[in-house]
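Trainee: Could we go through this model together? I would like to begin with the charged pairs and then move on to the sheets.
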Amino acid sequence: MRHLYFIFEFTGFLIGFPIGLLLGFFIFIFSSKHVDVKDPDIKSLSQCDSNSLVDLFSEIPPWVKHPDFERIDWLNKALHDMWPYLDKAICKIIRSTAEPIFAEYTGCLQSQYLPTEFSNIGFQSLNLGTLPPTIYGIRVHETNENELVIEPAIRWAGIPHITVVVKILSVRFIVQLMDVQVFATPRIILRPLVPTFPCFGNITVTLIDKPYVDFGLRLLGGDVMAIPGFYQFVQEYIRNQVASLYLWPQTLNIPILQASLSGTIKKPVGILHVKILKAKKLLKMDIIGTSDPYVIIQLTGESLPPKKTSIKMRNLNPEWNEDFNLTVKDPESQFIQFNVVDWDQFGTHDPMGMQILPLKSLTPDNTQEFTLDLVKNTNPYDPQNKKKRGQLVVQLTYNPFKEESSGGIHESGPLDGHQLIDAKKLGIKSRNRSRRQSMSIDMSSQLHAAGLLLVTVQGAEELESKLYESPNPYVLVLFKGEKRKTKMIKRSHRPYWNEEFQFVVEEATLKESIRFAVKSKKRHLFAYRFRKKELLGYIDINFSDVVYNGRIRGEYNLINSRNGVIHVELHWSTT
């Protein structure tokens, strides 16, 4: 019966649709006034009035109107010569992308509405024509970031041959796309710039203005765009849809290199405070009927070493009450994993149980206590998970970072002690407050809010060694008694690291500093010098400068080095 209803509805559509098109066509033709088409007047620009020049202004290439746009006729010539090959490559991508979508849509309709006679949707012909896009001008932006920003003004008035065939009940419907025109000025960002071919890790594309899109559409041999009001509706709808997806600040990100090669690192968005309270009724792992448990805490997708509690000897109900801080990069997808392990003096340590918890289940800025039932593994179908392995009691608090109040990157300028700033946003606790809730920064001020200091060691230049012809440099970062070390680059005067380090700051004074010490190791074991390490130079950056500016990036001349320079970036976030 459902198939019969569909046949009746479809027959009514086949009869009513052509009749509606025909009536709309005659109404459009006879309602419009008859106007004689005159030959256009050809004038030079000097003879045109101001109104005519304004109408023509949109047609003038950008390199004429804007001095920062440049002509690239050579690129248009190369694009014209390569277009036959680019046409085939682009059409191949379109086919491979659209055909699975057509197949999924066809299967969905067959399972819900249509009988098996519904065949398929597919391309009858697909090519982009012989006219390539034209780049009317290009603009390159200079920024302080490690990126390249270009804006090409692209226009394409092509004559493509794109025909889609829809088969329903052995009836073929042919839809043809023709006379396509696209005018757009995308912003293309190549970042980060890395010393690995093609020298950038990602391509980010966004649109500054809404694009102009125009095309013709034929259905059953008739021009659908000739229907009154339909042309304007479709054009505006497509412009709005494209703008909702790619108009700034919406972007399209295309990864080019792997994260390990491109140096792209997800930035932390918050701090997870973990407190391991206690465990109850753990398994007896030793011969004497006890265990020596400790807990390993780690976030998924994190390459940093895991955190560990102390070991509670001969205890099946241990109490720790130990605190840990973990940096969160993606709270929607990351999990925190707890592994309870039995310590052994000899051999490997035996796992006692584990459990995971998704971070998206946590309420920001709210302390929550969980009693977790320990299991053997995360496989829900493993029968060994039915065995009772005890419970672990933890407290979790997720504190997301506050949005940055600074607008950009600041160079390393000294902090003016008399400058008034909003200390609450910086997480500073001071004794001297003014009536305006602002304060003058005191170097002995304490941070009352937890924060994260991100340090990126990018590279160095003009390094010189007094012991060897070519040094083997690495960087040692010291802050609050903690040390971080980059990898060693062999035989290089211009090393490139691009390594990021994290320092979770619970409490610190603003008078502390971050030291970057560039050192070199000897090349081989049988060096003619007994000295193993050599200091090539160092710099100290005030922690107060980073807290005040929020972000610092620049190059610094190394102390105790004749021409050595190091490139670093520091970023401060507070919860």
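Trainee: Is Asp73 buried, partly exposed or exposed?

Mentor: Asp73 counts as partly exposed, at 44% relative accessibility. Buried means under 20% relative accessible area, exposed over 50%, and partly exposed in between, with a 1.4 Å probe and protein chains only as cover. This is a predicted model, so local features need pLDDT of at least 70 and side-chain atom pairs count only at pLDDT 80 or more, while totals for chains, interfaces and linings use all residues. Residues are numbered from 1 along each chain as its sequence is written, and side-chain values use heavy atoms, with hydrogens and water left out.

Trainee: Which residue forms a salt bridge with Asp73?

Mentor: Asp73 forms a salt bridge with Arg71, and the closest N and O atoms are 2.7 Å apart. A salt bridge here is a side-chain nitrogen of Lys or Arg within 4 Å of a carboxyl oxygen of Asp or Glu. Arg71 is also partly exposed, at 47% relative accessibility.

Trainee: How many salt bridges does a search of the whole structure find?

Mentor: The search finds 10 salt bridges. One of them joins Arg139 to Glu151, with the closest N and O atoms 2.7 Å apart. Arg139 lies in strand β2 (residues 134–141) and Glu151 in strand β3 (residues 148–158), so this pair ties together parts that are 12 residues apart in sequence. Strands are DSSP runs (E, at least two residues), as are helices (H or I, at least four residues), and they are numbered from the N terminus.

Trainee: And is Glu151 buried or exposed?

Mentor: Glu151 counts as buried, at 2% relative accessibility. Arg139 and Glu151 are also linked with Arg187 in a network of salt bridges.

Trainee: What about Glu461: which residue is its salt-bridge partner?

Mentor: The partner is Arg494, with the closest N and O atoms 3.9 Å apart. This pair links distant parts of the chain, 33 residues apart: Glu461 is in strand β23 (residues 451–461), and Arg494 is in the loop between β25 (482–485) and β26 (496–505). Glu461 is partly exposed, with a relative accessible area of 26%, whereas Arg494 counts as exposed at 54%.

Trainee: Staying with β23, what is the strand order of its sheet?

Mentor: The order is β26-β23-β30-β29, an open sheet of 4 strands with antiparallel pairing. Two strands pair if DSSP finds at least two bridges between them. β26 and β29 (551–557) stand at the edges with a single partner strand each, so one side of each has no neighbour in the sheet. On average, neighbouring strands of this sheet are turned by 15° against each other, direction ignored; the axes are lines fitted to C-alpha atoms, for helices over the stretch in contact, and angles run from 0 to 180 degrees between N-to-C directions.

Trainee: How many bridges join β23 to β30?

Mentor: There are 10 bridges between β23 and strand β30 (residues 565–574), which run antiparallel. Within β30, Trp572 is the bridge partner of Leu453.

Trainee: Changing topic: which side chains of β17 are buried?

Mentor: In β17 (residues 367–373), Gln368, Phe370 and Leu372 point to one face and are buried.

Trainee: Which strand does β17 pair with?

Mentor: β17 is joined by 7 bridges to strand β18 (residues 391–400), and the two run antiparallel. The partner of Phe370 in β18 is Val394. β18 is mostly covered, with 7 of its 10 residues buried. Strand β11 (residues 270–280) also pairs with β18 in the antiparallel sense, over 10 bridges, and Leu272 stands opposite Tyr398 there.

Trainee: Finally, how many disulfides does the structure hold?

Mentor: The structure holds 0 disulfides, a disulfide being a pair of cysteine sulfur atoms within 2.5 Å. As for individual cysteines, Cys91 is buried, with a relative accessible area of 5%, and Cys199 is partly exposed, at 38%.
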